[in-house]
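Dear colleague,

Please find the structure below, handed over for your study.

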Amino acid sequence: MSTMLDLLLEHKIVAILRGVEERHANQAGRALIDGGIKLMEITMNTPGALGMIDGWRGLFGEEAAVGAGTVLDIGMAKEAVAAGAQFIISPNLDEEVVYYGREKGVSVWPGVMTPTEIVRAWKAGADAVKIFPMGTLGTKYLKELRGPLDSIPMMATGGVDLDNISEYFAAGANAVGMGSKLVNLDWIREGKFEQVTERAKQFVDAVRSL
C-alpha cells in the first residue's frame with residue numbers, strides 16, 4: 001500500500017491518459033517514462049483501457065506504476081485490479097472501492113471536494129485523496145482545506161499547467177494529476193512522441209525545482 005503513496009509523494013505527478021487509442025498506448029507510455037514520469041493512469045472510460053493497463057504492466061515492469069482512473073464503483077475496481085492496476089483513482093468517493101483496495105493491497109485515491117468527504121475517505125482507509133475539480137475550485141480553496149486537514153495527503157487534479165504548478169504546491173498539494181496539459185493526444189496521434197517526452201520533462205523539472 002505505502003509503496004504507491006511513497007511514489008506519489010516522491011514524484012508528485014500522475015499522468016492521466018483519457019481517450020488514447022490502443023495502437024498508440026505503448027509509445028505514449030514510453031514517451032512519458034522517458035520524460036521522467038513514474039505514475040501513469042489510464043481512465044476506465046477510455047476504450048480498451050483494461051488491455052492497455054495489462055499491456056503496460058508487462059511492458060514497463062518497474063519503470064513506472066500503472067493505475068486505473070475514473071473508477072466509479074466496485075465493479076470497475078475489480079476489473080481494474082484484475083488487469084493489474086497498481087493504484088485506483090476516482091472522481092468520486094465510494095467507500096466500497098476504498099475497502100476493496102485495502103483488501104487487495106491496492107492504493108485508492110478517491111475524488112473528494114468537501115472537508116466532510118475528505119475525512120470520510122481518510123477514515124475509510126484511503127491513503128491519499130484527489131481534490132477535484134481543482135480547475136474550478138482554485139488554489140485558494142486548497143489552501144483553506146489545508147489548515148484543518150494538514151495530515152491527509154492531497155493530490156490536486158484539474159487546471160494545472162506549467163505557469164501555475166508551483167502555486168498548487170504552495171497551496172498545500174502533495175501531488176498533481178495532469179491530463180491534457182501533460183498528455184497532448186494530438187501529438188500522440190501525429191507520432192510526435194519526442195514532444196510528449198519534452199513536455200513531461202518540463203513538468204518533472206518544474207516539480208523538482210520546488
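Phe-87 is buried, because its relative accessible area is 0%; buried means under 20% relative accessible area, with a 1.4 Å probe and protein chains only. Trp-109 is likewise buried, at 0%. The model is predicted, so that local features need pLDDT of at least 70 and side-chain atom pairs count only at pLDDT 80 or more, while totals for chains, interfaces and linings use all residues. Residues are numbered from 1 along each chain as its sequence is written, and side-chain values use heavy atoms, without hydrogens and water.

There are two aromatic pairs. Rings of Phe, Tyr and Trp (its six-membered ring) pair if their centres lie within 6.5 Å; planes under 30 degrees apart are stacked, over 60 edge-to-face, and the rest tilted. Trp-56 and Phe-60 form a tilted pair, 6.0 Å centre to centre with 55 degrees between the planes. Trp-56 is buried at 0%, and Phe-60 is buried at 3%. Phe-87 and Trp-109 form a stacked pair, with 5.0 Å between centres and 20 degrees between planes.

The charged end of Lys-130 sits over the ring of Phe-132, 4.8 Å from its centre; this requires NZ of Lys or CZ of Arg within 6 Å of the ring centre and within 35 degrees of the ring normal.

Definitions and conventions: Buried < 20%, exposed > 50% of the residue type's maximum accessible area, 1.4 Å probe, protein only.
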